[in-house]
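Please look at the chain shown here before reading on. The report below goes through a few of its parts in turn.

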Amino acid sequence: MSDQVRQIAMRITDLREISDYTVAQMAEACGVSEEDYAAYESGEIDIPISFLLKLNEIFHVDMTELLTGEAPRLNLFSITRAGKGQDIQRRNHYIYKNLGYNFVHRKIEPLYVTIPAGTNRELQPNSHEGQEFDYILSGAMKLLVAGHEVILRPGDSVYYDSRAPHAMTCAGDEPVHFLAMVIPD
């Protein structure tokens with residue numbers, strides 16, 4: 001696993017220990033098995049964004065702090081220039097940039113997401129608390145939400161309950177670029 005994932009895992013462990021939670025208590029609070037929770041804390045497996053959002057809720061810690069170890073600093077407005085944003089190195093089939101990473105007390109997580117070309121893979125749904133809005137900028141995206149499969153093209157958007165199992169992939173040979181607004185409960 002990447003060094004960034006290991007660093008995030010160490011911060012999660014520190015937060016749990018400082019808060020006097022056991023692995024079992026945190027696993028239950030996050031709605032995952034103890035084995036999965038322990039694997040996230042060890043940095044052995046990829047940590048889903050849905051899991052990080054749950055930790056934000058439990059510990060009242062900003063996503064930026066979990067990802068970088070640094071607190072966001074802006075509270076009136078924050079500009080993210082073209083091509084910039086906080087990289088979130090996660091899964092090989094999604095590339096994320098957080099576009100609001102430096103704004104304190106965000107109500108949403110605005111993400112610029114790329115699905116690289118050639119990642120026409122089997123859809124493996126995940127779910128997380130809250131809602132999500134996705135706006136397609138380029139490419140064709142195959143979206144699966146609660147068993148419903150649709151193709152979205154540039155200019156199309158979708159808003160859904162992200163507790164429903166969902167997954168995305170390329171529907172063609174081009175990469176897909178889209179804006180995702182993750183809105184926690």
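Helices (H or I, at least four residues) and strands (E, at least two) are DSSP runs, numbered from the N terminus. Leu 76 lies in the loop between α5 (63-68) and β1 (86-88). This is a predicted model, in which local features need pLDDT of at least 70, side-chain atom pairs count only at pLDDT 80 or more, and totals for chains, interfaces and linings use all residues. Residues are numbered from 1 along each chain as its sequence is written, and side-chain values use heavy atoms, with hydrogens and water left out.

Two residues can be set side by side. Buried means under 20% relative accessible area, exposed over 50%, and partly exposed in between (1.4 Å probe, protein chains only).

| Residue | Relative accessible area | Class |
|---|---|---|
| Leu 76 | 71% | exposed |
| Asp 134 | 0% | buried |

Asp 134 sits in strand β4 (residues 131-138). Its side chain makes a polar contact with the side chain of Tyr 160 at 3.1 Å. A polar contact is a pair of N or O atoms within 3.5 Å; within protein, one must be able to donate a hydrogen and the other to accept it, and residues adjacent in sequence count only if both atoms are side-chain atoms.

Helix α3 (residues 34-42) has Tyr 37, Ala 39, Tyr 40 and Glu 41 buried. These buried residues of α3 pack against α1 (3-18), α2 (23-30) and α4 (49-59), where contact means heavy atoms within 4.5 Å. Just after α3, Gly 43 has a positive phi of about 75 degrees.
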